[in-house]
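Open the model in your viewer and keep the selection tool ready. We will go from the whole chain to single side chains.

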Amino acid sequence: MAEETSGGGNSGLAFIVGGLVVLVAVLAFFMFNGGFSHKKQVDVNISASAPKLPDAPKPAG
């Protein structure tokens, strides 16, 4: 007869380790993105003046 083993201890351990991996991934995501109260403020001020073009030539006539 074949011996039947359930492996319940290993699957429980795998579930706990998987949960810890997900928890660490979520915490790392929030740490590297500035946390829960991350308010990104962008202030862009661009000023450029157009170059002066020379006057158009007058028609001959």
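A helix here is a DSSP run of H or I with at least four residues, and helices are numbered from the N terminus. Keep in mind that this model is predicted.

**Stop 1: the whole chain.** Select everything. The protein chain has 61 residues, and 0% of them count as buried. It holds 1 helix and 0 strands. Now show the surface. Its accessible area is about 6,600 Å². Carbon and sulfur atoms account for 64% of that.

**Stop 2: the helix.** Select residues 8–32. This is helix α1, and F15 lies in it. Is F15 buried or exposed? F15 counts as exposed because its relative accessible area is 70%, and the cut-off for exposed is over 50%.

**Stop 3: two rings.** Select F29 and F30, which form an aromatic pair. Two values describe such a pair: the distance of the centres and the angle of the planes. For F29 and F30 the centres are 5.5 Å apart, and the planes stand at 75°. That makes the pair edge-to-face, because the angle is over 60 degrees.

Finish with the cover on each ring. F29 is exposed, at a relative accessible area of 52%. F30 is partly exposed, at 28%.

Terms used. Residues numbered from 1 in each chain as written. Predicted model: local features only at pLDDT ≥ 70, side-chain atom pairs only at ≥ 80, totals over all residues. Heavy atoms only, no water. Helix = DSSP H or I, 4+ residues; strand = E, 2+ residues; numbered from the N terminus. Buried < 20%, exposed > 50% of the residue type's maximum accessible area, 1.4 Å probe, protein only. Areas by Shrake-Rupley, 256 points an atom, 1.4 Å probe, with all protein chains shown as cover. Phe/Tyr/Trp six-rings, centres within 6.5 Å; stacked < 30°, edge-to-face > 60°.
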